[in-house]
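Grab a pencil and have the viewer open. Try each task yourself before you read the solution below it.

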Amino acid sequence: MEYLKIIGQKPLQGEVTISGAKNAALPLIASTILAKNEVNICNMPNVVDINTLLKLIDKLGGSFTKTEDCIKIDTSKLHNTTATYDIVKTMRASILVLGPILARFGHCEVSLPGGCAIGQRPVDLHLKALEAMGANIEIKHGYIEATAPNGLKGAKIVFDKVTVGGTENIVMAAALAEGMTTIINAAKEPEVVQLCEVIANAGVEIEGIGTSKLIIHGTNRQLLDFKNIDVIPDRIEAGTYMCAAAISNCKLKINKVIPLHLEAIISKLEEMNFEILQDETSVTVLPTNEIKPVNIVTTEYPGFPTDMQAQFMALATQANGTSTIDERLFENRFMHVSELLRLGADIHLNGNIATINGKGGELNGTDVMATDLRASSALVLCALVAQGETSIHRIYHLDRGYEDLEGKLSKIGATVSRHKE
């Protein structure tokens with residue numbers, strides 16, 4: 001097992017380039033199950049979760065080749081319809097193969113998912129929607145066994161709550177279904193939008209892309225002709241480096257982003273008294289004479305993303321005053337608080353609300369342990385401004401979603417190194 005060692009209070013400066021979005025790339029990889037041709041996907045981030053899903057595609061009978069940041073995926077010979085526990089347990093996004101496999105073959109077996117321990121995040125919404133499309137679903141021995149011998153049928157799906165993975169799964173399933181599927185209360189995240197655009201470019205008529213109501217006209221099991229794909233930039237990675245600039249109170253330019261996707265993050269940084277410069281593909285964070293406290297409520301896109309609350313909690317430790325974070329989407333996403341307390345943060349929890357008393361500094365390096373992907377990035381941010389040396393353990397969480405974190409941080413002035421336990 002490896003850990004990161006960070007020497008704090010080093011000034012950051014320069015530019016950092018953002019990788020492709022892991023959360024966009026994963027459903028795009030799953031969608032290649034719908035393709036009749038080899039699919040070329042570029043701007044692919046080199047992170048563990050991507051390699052995990054590619055391993056699953058390989059186990060299902062597909063194949064892939066890598067060239068720099070591009071991956072060619074061929075699922076024309078895909079024949080195995082079982083996604084086994086050994087892969088699915090490590091990453092819940094593996095559930096995204098459920099919809100496309102069932103739509104293409106009429107049957108599949110997918111292990112119940114694992115992944116980050118940040119709440120239950122049940123897949124019942126996925127399963128209820130597939131049943132509405134004519135699937136017969138049973139849970140046996142830890143596996144979802146789904147059958148639709150005559151193919152899936154178009155249906156009206158009303159999600160009780162917004163679900164990104166559920167929307168993605170049903171969009172892919174509906175692409176090969178017979179007839180028209182309407183999704184009400186669909187997720188509007190940029191990653192969902194890109195998936196819809198890619199499937200539409202492959203020959204499926206989709207109405208309402210980017211809205212909460214999607215209408216998908218299925219091809220009745222006719223496989224799709226995919227075009228070349230460029231994965232959108234990772235808005236969460238971009239937000240994390242914006243917070244790195246802010247917590248260090250340094251000027252930093254973040255390249256290869258879509259500022260529209262960062263509006264909620266930019267708005268909160270501006271509330272904290274930072275000036276953000278924008279152009280078409282970059283944002284620049286400028287230092288401030290005072291970091292002001294902020295109140296945050298997490299919600300679905302285009303609201304403030306739950307995947308950024310840990311990073312803003314780290315930033316709030318340096319604010320001049322008291323901040324609050326109200327986590328509305330997951331019930332167990334404050335596990336990083338105990339580790340931030342070890343670094344000297346003053347944070348109090350009351351249910352799903354965290355109160356952070358900013359000290360404008362006063363963090364001290366120590367040993368801390370990552371508990372999930374985004375929580376681990378909060379530890380990195382605090383370590384950047386802590387006095388002395390911080391060792392962050394269990395960084396396999398970081399490697400799931402951040403490409404070359406220590407390399408990118410080192411390039412902009414941080415003292416970061418990777419070591420074996």
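The exercises below work through a predicted model.

**Exercise 1. Work out which parts of the chain the salt bridge between D49 and K22 ties together, and whether its two residues are buried or exposed.**

Solution. 
- Step 1: start with the contact itself. The D49 and K22 side chains come together in a salt bridge, at 3.0 Å from N to O.
- Step 2: check burial, where the cut-off is under 20% relative accessible area. D49 comes out at 2%, so it is buried. K22, at 6%, counts as buried too.

**Exercise 2. Find out how far apart in sequence the parts tied together by R400 and D49 are.**

Solution. 
- Step 1: look at the side chains of R400 and D49, which form a salt bridge of 2.9 Å, N to O.
- Step 2: locate both residues. R400 belongs to the loop between α13 (396–399) and α14 (405–411), while D49 is in helix α2, so the parts they tie together are 351 residues apart in sequence.

**Exercise 3. Classify the two partners of the D326–R328 salt bridge as buried or exposed.**

Solution. 
- Step 1: confirm the pair. The D326 and R328 side chains meet at 2.8 Å, N to O, in a salt bridge.
- Step 2: take D326, whose relative accessible area is 12%, so it is buried.
- Step 3: now R328, which at 53% relative accessibility counts as exposed.
- Step 4: for context, the structure has 15 salt bridges. Elsewhere, E2, D399, E406, R418 and K420 are joined in a salt-bridge network.

**Exercise 4. Describe the surroundings of S31: which residues does it touch beyond its sequence neighbours?**

Solution. 
- Step 1: S31 is in helix α1 (residues 22–31).
- Step 2: its relative accessible area is 0%, so S31 is buried.
- Step 3: leaving out residues up to four places away in sequence, S31 touches M172, L195 and F226.

Methods
Residues numbered from 1 in each chain as written. Predicted model: local features only at pLDDT ≥ 70, side-chain atom pairs only at ≥ 80, totals over all residues. Heavy atoms only, no water. Helix = DSSP H or I, 4+ residues; strand = E, 2+ residues; numbered from the N terminus. Buried < 20%, exposed > 50% of the residue type's maximum accessible area, 1.4 Å probe, protein only. Contact = heavy atoms within 4.5 Å. Salt bridge = Lys/Arg side-chain N within 4 Å of Asp/Glu carboxyl O.
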